[in-house]
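This report considers how a protein surrounds its ligand, and then turns to one helix in detail. The sequence and the structure are shown below.

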Amino acid sequence: MAEAERPSGSAPETGTGRKIWLDGRLVPWEQATVHVLSHSLQRGSLIFDYMSVHETPRGPAVFRLREHLERLLVSAELTGLPLTQELPELEAAVLDTVAANPGATSLKISAYIPSVEVDVVPQDDAVAVAIAAYDPIEDVIKRNRGRYHWRPELSVWIEKERRNRRPDIVPAQAKTAANYASPMVAKWAARKAGYDEILLADAEGYVAEGPTTNVFWVDADAALHTPPEDRVLHGITRRSVMELAKHDGIPVSEDRVLPDALMAAAEVFLTGTTGGVIPVIALDGEPVGEGVPGPLTRRLAERFREVTSGHDADFAHWLAPVEGR
Ligand code: PMP
């Protein structure tokens with residue numbers, strides 16, 4: 001659609017050539033839409049998981065597919081979304097979607113309520129499932145006129161204000177769209193103040209995680225620490241980094257940390273599907289350590305890249321290849 005013809009407020013949805021798996025059918029990218037009054041758009045009742053796709057010596061493969069889908073089922077359970085598909089069915093659908101979208105580097109699976117609803121609790125609670133395999137830069141960022149904030153080393157603001165979210169009702173472990181509203185507000189403000197990223201505090205003021213990342217820090221004895229599981233989303237990268245560290249003989253433990261103590265760490269890094277292991281070089285405008293990525297951060301970032309690209313036989317089972325599925 002030409003610029004002038006586009007209805008105000010609508011996204012420039014011309015075709016990418018990509019296919020999206022929608023309830024068992026592969027449909028063109030631009031046809032995977034929902035109604036503006038759909039329950040999931042209005043009430044945030046969408047759950048999702050986000051994975052990475054890698055070119056490996058065995059062809060394209062999804063990193064820790066089973067673990068990501070298990071987490072999706074946990075998100076469904078924690079939010080009460082009546083998802084009917086089981087793991088093997090979802091696993092096959094994901095691999096079919098990757099096969100149908102050559103060159104994809106990322107994969108998002110969403111489960112949501114497309115029905116137009118009045119009440120907070122939907123009358124029609126049929127859940128739709130959509131799976132998109134794509135390249136975020138080529139298919140999304142460039143199409144959104146190329147404005148993309150990306151830096152390999154981050155300056156991070158620690159958001160000390162605790163948002164009044166009830167973790168006993170919607171736990172941090174649920175990857176539900178509604179859980180991203182507070183981080184979005186805080187990160188937007190931090191961006192305007194010149195920071196790349198934020199870290200959020202938990203209800204007691206301890207550092208918990210970023211909006212889409214987990215956090216690690218390195219102490220003076222070169223031991224690795226990360227906040228405990230009950231405070232954060234169970235990041236697949238977090239878990240993988242902990243397993244890799246243990247495998248390589250690096251001490252790692254789960255500990256709470258207050259913002260001031262984090263600022264005194266030798267090294268700090270974030271982990272997540274999009275960026276892997278990402279160095280934090282400044283916190284609240286003060287340099288972390290020497291103000292450059294530290295040795296353990298660099299080592300783990302490299303190690304993680306090796307594993308995700310299929311170049312470490314010990315961890316080949318973390319990759320689900322598309323070919324021969
Ligand atoms: N925390 C939150 C709140 C997230 O949304 C994400 C991204 N899924 C992470 C941490 C990192 O998780 P993963 O390593 O599985 O991408």
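## The ligand and its surroundings

In this predicted model, 17 residues lie around the ligand, and those that come nearest are Lys175, Tyr180, Glu209, Thr237 and Thr273. By class, this shell consists of four nonpolar, ten polar and three charged residues.

An N or O atom in the side chain of Arg71 is 2.8 Å from an oxygen atom of the ligand. For Lys175, the corresponding distance is 2.6 Å, to a nitrogen atom of the ligand. Thr273 has a polar side-chain atom 2.6 Å from a ligand oxygen atom. On its own, the ligand has 380 Å² of accessible area, and the protein covers 94% of this area. Two or more residues of the shell are given by each of helix 2 (65-79), helix 6 (236-247) and strand 13 (267-272).

## Helix 2

Helix 2 contains 15 residues. From its first C-alpha to its last it reaches 21 Å, close to the 21 Å expected at 1.5 Å a residue. After helix 2 comes Gly80, which has a positive phi, near 75°.

Which residues of helix 2 are buried? They are Leu65, Glu67, His68, Leu69, Arg71, Leu72, Ser75 and Ala76. In an α-helix there are 3.6 residues a turn, so residues three or four places apart point the same way.

How values were computed. Residues numbered from 1 in each chain as written. Predicted model: local features only at pLDDT ≥ 70, side-chain atom pairs only at ≥ 80, totals over all residues. Heavy atoms only, no water. Near = heavy atom within 4 Å. Polar contact = N/O pair within 3.5 Å; in protein donor to acceptor, adjacent residues only side chain to side chain. Areas by Shrake-Rupley, 256 points an atom, 1.4 Å probe, with all protein chains shown as cover. Helix = DSSP H or I, 4+ residues; strand = E, 2+ residues; numbered from the N terminus. Nonpolar A, V, L, I, M, F, W, Y, C, P; charged D, E, K, R; others polar. Expected span 1.5 Å × (residues − 1). Buried < 20%, exposed > 50% of the residue type's maximum accessible area, 1.4 Å probe, protein only.
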